[in-house]
Amino acid sequence: MESLEEISEEEAPKGPRTSSFLSGKLTAKEILATKTQNYFAETKRTEDILMQVAFSIGLGSIWRFPYLCQRNGGGSFILMYFFMLLSFGIPLLYMEMIMGHWLRVDNIRVWKQLVPWLGGIGYASILVCILMSLYNSVIITWSLSYLANSFDNSLPWNQCPLVKTTNVTDLSCLRTVSHQYFWYHTTLSASGHIEEGVDALVLHLTLGIFAAWFLLFLTMITGLKISMQACRPVLPVMLASACPSSPLLLTSGFCLDPPGQILIFSVFLLYIVLLCFLIRSLFLEGAVASLRRMVTTELSSWASLDLWRQAGGHVVYSLGLGLGTTINFSSKAGGNSYIQVASLVALVNLVTSLLLTSIIFIVLEFWATTSGHTCVEKSVSKLISLIKKGVLPQDAKPPEDILLLPALDYLDWISNLPQHLQYPVIHFSPSCSIMTQKDKFMEGPGLAFAAFSQAISLFPGASLWAILFFLALVIMGLSTLMSILEGIVCPLQTSFSLFRRYPKLLSVLICLGGFLGSLVFTSHAGSYIMSLFDDCLVPLTLIVIVAFQNVALAWIYGARRFREEMFSKLGHLLWSFFTFLWRYVTLPGLLALFTICLTQLHRRVPSYYIAWNSSMSQEVKQPYLQSTLSWVTFLSILTFLPIPVQPLHHWWHLEDHIASDPFEKLQSKKMPLVPPKSLQYPRHQLVTSQKTDTECSSRKVNPPLIRRLNLSSLWRFSLPLSEYNQSSSWFSLPVISSLTSALSMRNASTPVSRQVSPASVTIDNSDKSRETQEEN
């Protein structure tokens, strides 16, 4: 935070300087150093913005937004999401950014400095990050599975796999598209419902989850220790150990983060591939109709509470609110234009989601257009072509009147073929559905994987496109999960000395615990458990944590007080419209979302998830059992537990401290004297250097002491000396009759840096010893 000393020096008359740098006579070396510093400062700021954008895209825009949009009717969900993004998404994102920039500490110490008895918010955010890291790692595993299958010349999801039995399930691949069949049967080996197959693990998914966490472990012990330097003050001295071989970076005081560069590269690669997919998809049959269906809005659907819950939950989820990662990003970033950054992140997130959803809706319409009788015609034409080429024998030729019969008769004809002919006929059948799908093809979380595998198949050299696309997904997933883990590692290292002494121990514990906890998602019912976490548990916990953050800043600490503090920090006032939103719009909206989530979780008709019916070869809606929803309640309470525990812990140690020696700190620490004349807020030019020296000399106060106090401390503690002495006598009451009086006495006995403002803690402590000498 800017001090009065810095302001006074700026306004002081320019006297003779002895240094060539200050006199304007810069040497070539100094000019180069200045240009280098400005260049790398701007580069670091741009990188931080791109990392924030990439983190937001990696969280929910790729796989989560499309299936939520498909489930909730397309245009209705998009309009609702846009409305909530403007009303409380951008204001809350701006709130977290400006708090991290203001205090320059991690998400645990932010709340301990701002509202000490709500310091448990940071620990609750860490628990949510742990939950998100568990089921986000399985998404990386799915991408790894598709990436491994992309190296085949003939992509396996383009056709039905060869079957080995002759029961009715042989024809299940023909009842749906091969891409959906590959997702449920080959990738997931999905069970029929969430209670079935939990105790059995899928081998290739288990190996994939091990590979994902092993890669994360290697990155943490090699690459993350560079980015962890940003958890500390950004000083060249502290960066010397992180970038010993780059003196140019040390000149600017920044050390670029290799994981962040990889994340940014994956985002640009993904955009290039997606634009190619969109251009190719626009030439598919039914593309215009699908886009029209995507933007069609039914106002009657706004009466659905489930639509409000899923749209609001996705706003909080996709922007990373409540995770602490935004605070960590902002604490090490430069610049003051966080309104533009928050708007840019939200805008890029929305545009990316719409781009992905457009491709997926076009693919879904293409599936619906080529299903039924059209699929039978395509299958018969392909079989005749293969017979002419000699690939299939003449016995595999379908009847001449097969096109005049219903689609079910074509399936009956295949089922009556000899076993040695059934295998190749099913295997060479085109990737379309024989059964007419009047309803939606897919609604589950795997919609993006199945749809984009279809889009990849439309390109020549499809294997290369598949490798590029799923490699970008793997890199983005690993980098996004790395950012989530950084939100766990950085606060724990700064809060516990054991982890600071043994940083690799923390990496081992996190990766080993993450691997063991993620094994449940590699079971046959793992995708359904992931849907439970994603749909019910994580949005609920994030909404509650963000609501506590909003209450702590806007009502307990005070939005107006925060606005004054930021004025002394930035030199200009925050837009008052945001303080109005924090107090009267975002908080009621979050409380309404929390009420809807609880209502949907414990209503008479339970919530449902999308399961796979193998015999019918289609998705079905299965209700959650009450025992399953009880686990959601238990994990939610476990996540919120640090929030009420922190004030109890604070009160317990407070009572113990007061009972032992109520005069301990009053005798060891004297309150510094301050000038009685208060400064008028919000004057931009406070006081000149000459006026400050005059006032200080008249009141016999050391001028350097006054200059080091920030604007907030002068404005808040500018009491007359008589009033100050009267109020200080009240602090010596030995009897504490209630928690309110105990907290008041605690505030009285704390150091002046705590009473001035949270932001001034790190500034005033640096000159603590010298200030004490001047005071004496």
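Modeller: Let us take Cys 511, which is placed in helix H23 (residues 503–518). The model is a predicted one.

Biologist: Is Cys 511 buried or exposed?

Modeller: The quantity to read is the relative accessible area, and a residue counts as buried when that value is under 20%. Cys 511 has a relative accessible area of 5%, so Cys 511 is buried. Cys 69 is likewise buried, with a value of 0%.

Biologist: Which residues are in contact with Cys 511, leaving aside its neighbours within four places in sequence?

Modeller: They are Trp 213, Leu 216, Phe 217 and Met 220.

Biologist: Where is Asp 199, and is it buried or exposed?

Modeller: Asp 199 belongs to the loop between H7 and helix H8 (203–222). Its relative accessible area is 75%, so Asp 199 is exposed.

Biologist: How are disulfides to be read, and how many does the structure hold?

Modeller: A disulfide is a covalent bond between the sulfur atoms of two cysteines. The structure holds two of them. One joins Cys 160 to Cys 173, with an S to S distance of 1.9 Å. Both Cys 160 and Cys 173 lie in the loop between helix H6 (120–149) and helix H7 (178–188), so this pair ties together parts that are 13 residues apart in sequence.

Biologist: What is the handedness of the disulfide between Cys 160 and Cys 173?

Modeller: One reads it from the torsion about the S-S bond, which is about -90 degrees for Cys 160 and Cys 173, so this disulfide is left-handed. As for accessibility, Cys 160 is buried at 2% relative accessible area, and Cys 173 is buried at 3%.

Biologist: Which cysteines form a disulfide with sulfur atoms 1.9 Å apart, besides the pair already discussed?

Modeller: Cys 375 and Cys 432 form it. The torsion about their S-S bond is about 75 degrees, so the disulfide is right-handed. This pair links distant parts of the chain, 57 residues apart: Cys 375 is in helix H17 (residues 373–389), while Cys 432 is in the loop between helix H19 (419–427) and helix H20 (447–457). Both cysteines are buried.

Biologist: Where is Ser 371 found, and what lies 2.5 Å from a polar atom of its side chain?

Modeller: Ser 371 sits in the loop between helix H16 (338–369) and H17. The backbone oxygen of Trp 367 lies 2.5 Å from a polar atom of the Ser 371 side chain. With a relative accessible area of 8%, Ser 371 is buried.

Biologist: Let us turn to nonpolar cores. Which residues have the most contacts inside the largest one?

Modeller: In soluble globular proteins, nonpolar side chains tend to be buried together. The largest nonpolar core here has 180 residues, and those with the most contacts inside it are Phe 277, Phe 469, Phe 470 and Phe 562. Helix H24 (residues 526–570) supplies the largest share of this core, 21 residues. Leaving aside neighbours within four places in sequence, Phe 469 is in contact with Leu 270, Val 273, Leu 274, Phe 277, Phe 452 and Ile 456. A second, separate core of 25 residues includes Leu 171, Leu 174, Cys 375 and Ile 426.

Biologist: In which sense do strands E1 and E2 pair?

Modeller: Strand E1 (residues 608–613) and strand E2 (residues 618–623) pair in the antiparallel sense over six bridges. Ala 611 stands opposite Val 620 in E2. The two strands form a hairpin with four residues between them, and Ser 617 in the turn has a positive phi of about 55 degrees.

Biologist: How many helices and strands are there in the protein chain, and what share of its residues is buried?

Modeller: The protein chain has 37 helices and two strands. Of its 776 residues, 54% count as buried. Among contacts between residues at least 6 apart in sequence, 82% join residues at least 24 apart. The chain exposes about 33,800 Å², of which carbon and sulfur atoms supply 64%.

Key
Residues are numbered from 1 along each chain as its sequence is written. This is a predicted model: local features need pLDDT of at least 70, side-chain atom pairs count only at pLDDT 80 or more; totals for chains, interfaces and linings use all residues. Side-chain values use heavy atoms; hydrogens and water are left out. A disulfide is a pair of cysteine sulfur atoms within 2.5 Å. Buried means under 20% relative accessible area, exposed over 50%, partly exposed in between (1.4 Å probe, protein chains only). A polar contact is a pair of N or O atoms within 3.5 Å; within protein, one must be able to donate a hydrogen and the other to accept it, and residues adjacent in sequence count only if both atoms are side-chain atoms. Contact means heavy atoms within 4.5 Å. Accessible areas come from the Shrake-Rupley method with a 1.4 Å probe; for residues, only the protein chains shown count as cover. Two strands pair if DSSP finds at least two bridges between them. A nonpolar core is a set of buried Ala, Val, Leu, Ile, Met, Phe, Trp, Tyr and Cys residues joined through side-chain atoms within 4.5 Å.
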